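Please keep the structure open beside the text while reading.

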Amino acid sequence: MTEMQPATGFVGFFDILGYTQIMLNNNIHKTSQFVSDTLMNLPGDMIDSLRSPYLVGSPLELPDRDDWREILDRVKWIIFSDSILLSLRFDPALPEIDLIRSYLAFSIVCAALMNRCFSAGFPLRGAISVGEFFIEDRCFAGRPIINAYYATQRLEFAGCVLDEAANDLVSEWRRHLVMVNEQSLREKLDQTTILYLVPLKEHTDERYRTINWVAQDSPAFAPIAGDIREVTTRAFLMHNKIAVPSVQGKINNTEMFIRHVLTNLRGEDAEA
């Protein structure tokens with residue numbers, strides 16, 4: 001029997017806010033249509049749309065386009081019940097610039113996932129971690145998966161945060177880009193996240209590097225615009241979901257995050 005080997009890479013764990021209400025408030029035929037139209041078709045459609053359009057105006061020059069597509073194609077998806085698990089393996093021995101490009105690809109996939117699901121009425125909360133893990137078919141294990149899961153369960157808004165391990169690694173990479181004067185990649189790195197005081201359970205807040213799923217400089221990305229309150233409320237109420245008191249807080253928190261990102265779009269909050 002072949003020994004199963006762990007890999008090093010990024011892991012993103014997401015769950016759908018209000019999924020139980022969708023199941024309870026719709027018949028099985030309508031529910032299956034929601035799932036098939038949005039979740040099951042999402043991975044292929046989204047990766048296809050990100051392959052070329054994202055390169056327009058990107059810091060990745062023409063010779064790197066095949067590398068960009070190859071990285072996107074290595075992102076793995078597992079969708080089960082109300083949860084989505086993304087992963088991207090990388091070789092830690094690669095040069096830092098190559099590792100940063102892998103992170104950029106993974107973060108834009110996570111951002112696009114958040115963005116598209118929000119617009120489709122499936123607001124997500126999620127977290128990204130990094131480390132050693134094992135994924136084979138639908139079997140998975142590893143500390144970064146557990147860490148991402150627990151970080152996700154603490155969130156009280158539709159958002160995606162980097163846990164401590166991922167944040168430390170990205171901060172280290174950013175310092176490296178500053179040191180080698182790689183401005184274009186640093187600017188793209190800064191666009192992927194925004195530092196934010198994230199609302200957590202038990203009425204607490206913590207400062208996290210948070211994925212920018214609201215507005216990205218990419219033709220493949222649909223920015224959140226218009227009446228922000230209406231757009232946010234609609235995402236949380238679509239598919240017969242009901243805004244019970246516990247949901248109202250998540251709506252308010254999500255609205256404030258969207259407004260914060262739009263106000264600080266160019267990364268005034270970025271830090272080394």
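How are helix 3 and helix 5 oriented to each other? The model in which this is examined is a predicted one, and in it helix 3 (residues 42-51) and helix 5 (residues 96-119) pack at an angle of about 120°, with their axes 11 Å apart. Angles from 65 to 115 degrees would count as roughly perpendicular and those over 145 as roughly antiparallel, with the angles between these ranges counted as oblique; helix 3 and helix 5 are therefore oblique to each other. The crossing in which helix 3 passes helix 5 is right-handed. On the side of helix 3 the contact is made by Leu42, Asp45, Met46, Ile47, Ser49 and Leu50, and on the side of helix 5 by Ile108, Val109, Ala112, Leu113, Arg116 and Cys117. Sorted by class, this contact of helix 3 with helix 5 has nine nonpolar residues, one polar residue and two charged residues.

**The chain as a whole**

The secondary structure of the chain comes to 10 helices and eight strands. The chain has 272 residues, of which 53% count as buried. Among the contacts in the chain with a separation of 6 or more, 74% are accounted for by residues 24 or more positions apart.

Helix 5 contributes Glu96, Ile97, Leu99, Ile100 and Tyr103 to the contact, while helix 7 contributes Val170, Glu172, Trp173, His176 and Leu177. By class, the contact of helix 5 with helix 7 has seven nonpolar residues, one polar residue and two charged residues.

**Charged pairs**

Side chains of opposite charge can pair when their charged atoms come close.

| Salt bridge | N to O distance |
|---|---|
| Arg154 and Glu206 | 2.9 Å |
| Glu156 and Lys250 | 3.7 Å |
| Arg259 and Glu255 | 3.0 Å |

The salt bridge of Arg154 with Glu206 has its closest N and O atoms 2.9 Å apart. This pair links distant parts of the chain, since Arg154 lies in the loop between helix 6 (143-153) and strand 6 (160-162), whereas Glu206 lies in strand 8 (residues 204-211), 52 residues apart. Arg154 counts as partly exposed at 33% relative accessibility, and Glu206, also at 33% relative accessibility, counts as partly exposed.

Glu156 forms a salt bridge with Lys250. Here too the pair links distant parts of the chain, with Glu156 in the loop between helix 6 and strand 6 and Lys250 in helix 10 (residues 245-263), 94 residues apart. Are Glu156 and Lys250 buried or exposed? Both Glu156 and Lys250 are buried.

The side chains of Arg259 and Glu255 likewise meet in a salt bridge. Because Arg259 and Glu255 are four residues apart in helix 10, they are separated by about one helical turn. Arg259 is partly exposed, with a relative accessible area of 35%, whereas Glu255 counts as buried at 11% relative accessibility. Salt bridges that share partners also join Glu156, Lys201 and Lys250 into one network.

Is His239 buried or exposed? At 16% relative accessibility, His239 counts as buried, because the cut-off for buried residues is under 20%.

Note on methods. Residues numbered from 1 in each chain as written. Predicted model: local features only at pLDDT ≥ 70, side-chain atom pairs only at ≥ 80, totals over all residues. Heavy atoms only, no water. Salt bridge = Lys/Arg side-chain N within 4 Å of Asp/Glu carboxyl O. Helix = DSSP H or I, 4+ residues; strand = E, 2+ residues; numbered from the N terminus. Buried < 20%, exposed > 50% of the residue type's maximum accessible area, 1.4 Å probe, protein only. Axes fitted to C-alpha atoms, helices over the stretch in contact; angles between N-to-C directions. Parallel < 35°, antiparallel > 145°, perpendicular 65-115°, else oblique. Left-handed = near helix turned anticlockwise from the far one by under 90°. Contact = heavy atoms within 4.5 Å. Nonpolar A, V, L, I, M, F, W, Y, C, P; charged D, E, K, R; others polar.
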